[in-house]
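Subject: Structure handover

Hello,

Here is the structure I promised to pass on. Please open it first, then read my notes below.

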Amino acid sequence: MARIVVLVSGGGTNLQAIMDKIDSGAVTNVTIAAVISNKADAYALERARGKGIAAECISPKSFASRDGFHAALLAGVSKYEPDFIVLAGYLVILPECLIQAYPRRILNIHPSLIPSFCGAGYYGLHVHEAVLARGNKVTGATVHFVDEGTDTGPILLQKAVEVKPGDTPEVLQRRVMEEAEWEILPAALDAVANGKVVWKDGLAFVAE
């Protein structure tokens, strides 16, 4: 059984999607060991507690230095002995010490088709605002492994979503979540937990 720690900053809709897929049997061989947020009032923590999952806040604001926060985050994650770490709407840049401790074991969900609309400044509604401003007809979501760059790690899964006339950033955000994020993040978890990820030349693929 693969143990995962989920890092979140907000409401936890992707966390809920993972929990629902585990409950339905669509995701197998996965148990959520803990949910950690940088915000004490993140509703994601309540979602976790409601399922009897360990939930805690490790906030940068609680530490005098960034190094202190980084050390605490690494220790806080590691005490749960995760096989994989999942960033499900986590709006804090991971410290290198954590990335280096879990190479090819950290997954992130990003609300665009990387390499479009990713990197510094592209998060949350900002992504969907940029998609609409550019006039894109298609957007989507990406699950990728995390490396030391911002949204630069190997891509595992992507799913396209149609941009419709009259979309607002909020409407488009919801469609991307429902049609892409809530599908491919659990699917990626199922793949890594069941040994279905194949690596070739530094690229990641899900075995058929």
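Two residues are in contact when heavy atoms of theirs lie within 4.5 Å. Keep that in mind for Val192. Leaving aside neighbours within four places in sequence, Val192 is in contact with Phe84, Leu107, Phe145, Leu156 and Val197. One caution before the rest: this is a predicted model.

**Val192 and the cores**

Val192 lies in helix H6. Val192 counts as buried because its relative accessible area is 10%, and the limit for buried is under 20%. Take Leu156 from its contact list. Val192 and Leu156 are 36 residues apart in sequence, yet their C-alpha atoms are 9.8 Å apart in space.

Both residues belong to the largest nonpolar core, which has 43 residues. The members that touch the most others are Ile4, Val6, Ile32, Val35, Leu107, Leu156 and Val192. Which element gives this core its largest share? Helix H6 does, with ten residues. There is also a second, separate core of 20 residues. Among its members are Val5, Val77, Leu87 and Val92.

**More on helix H6**

Helix H6 covers residues 169-193. Glu181 is one of its residues. Glu181 is buried, yet it has no salt bridge. The nearest side chain of opposite charge is Arg174, 9.9 Å away. What does Glu181 touch instead, leaving aside neighbours within four places in sequence? Its contacts are Asn14, Ile109, Pro111, Ala141, Val176 and Pro186.

Arg174 does have a partner. Its side chain meets that of Glu178 in a salt bridge, 2.8 Å from N to O. Arg174 and Glu178 are four residues apart in helix H6, so about one helical turn separates them. Residues three or four places apart in an α-helix point the same way, because the helix has 3.6 residues a turn. Arg174 is partly exposed, at 41% relative accessibility. Glu178 is partly exposed too, at 40%.

**Other salt bridges**

The count comes to seven salt bridges. Another one joins Asp167 and Arg175, with the closest N and O atoms 2.7 Å apart. Are these two partners buried or exposed? Asp167 is buried, at 14% relative accessibility. Arg175 is buried as well, at 11%.

Glu46 and Arg49 form a further salt bridge, 2.8 Å from N to O. Both lie in helix H2, three residues apart, which is about one turn of the helix. Glu46 is partly exposed, with a relative accessible area of 45%. Arg49 is partly exposed at 41%.

**Helix H2**

Helix H2 runs over residues 43-50. Its buried residues are Ala44, Leu45, Arg47 and Ala48. Where do they sit around the axis? They cover an arc of only 155 degrees, so they are on the same side of H2. These buried residues pack against strand E1 (2-8), helix H1 (13-24), strand E2 (30-37) and strand E3 (54-57). After H2 comes Gly52. The phi of Gly52 is positive, near 75 degrees.

**Thr139**

Thr139 lies in strand E6, residues 138-145. Thr139 is buried, with a relative accessible area of 3%. Not counting residues up to four places away in sequence, Thr139 touches Pro111, Ser112, Leu113, Val131, Lys159, Ala160, Val161, Val163, Leu172 and Val176. Pro111 and Val176 are also among the contacts of Glu181.

**Cysteines**

How many disulfides does a search of the whole structure find? It finds zero. A disulfide is a covalent bond between the sulfur atoms of two cysteines. For a disulfide the two sulfur atoms have to be within 2.5 Å. Cys57 is partly exposed, at 32% relative accessible area. Cys118, in contrast, is buried, at 18%.

Over to you.

Terms used. Residues are numbered from 1 along each chain as its sequence is written. This is a predicted model: local features need pLDDT of at least 70, side-chain atom pairs count only at pLDDT 80 or more; totals for chains, interfaces and linings use all residues. Side-chain values use heavy atoms; hydrogens and water are left out. Helices (H or I, at least four residues) and strands (E, at least two) are DSSP runs, numbered from the N terminus. Buried means under 20% relative accessible area, exposed over 50%, partly exposed in between (1.4 Å probe, protein chains only). Lys and Arg count as positive and Asp and Glu as negative; His and the chain ends are not counted. A salt bridge is a side-chain nitrogen of Lys or Arg within 4 Å of a carboxyl oxygen of Asp or Glu. The arc is that of the directions from the helix axis to the C-beta atoms. A nonpolar core is a set of buried Ala, Val, Leu, Ile, Met, Phe, Trp, Tyr and Cys residues joined through side-chain atoms within 4.5 Å.
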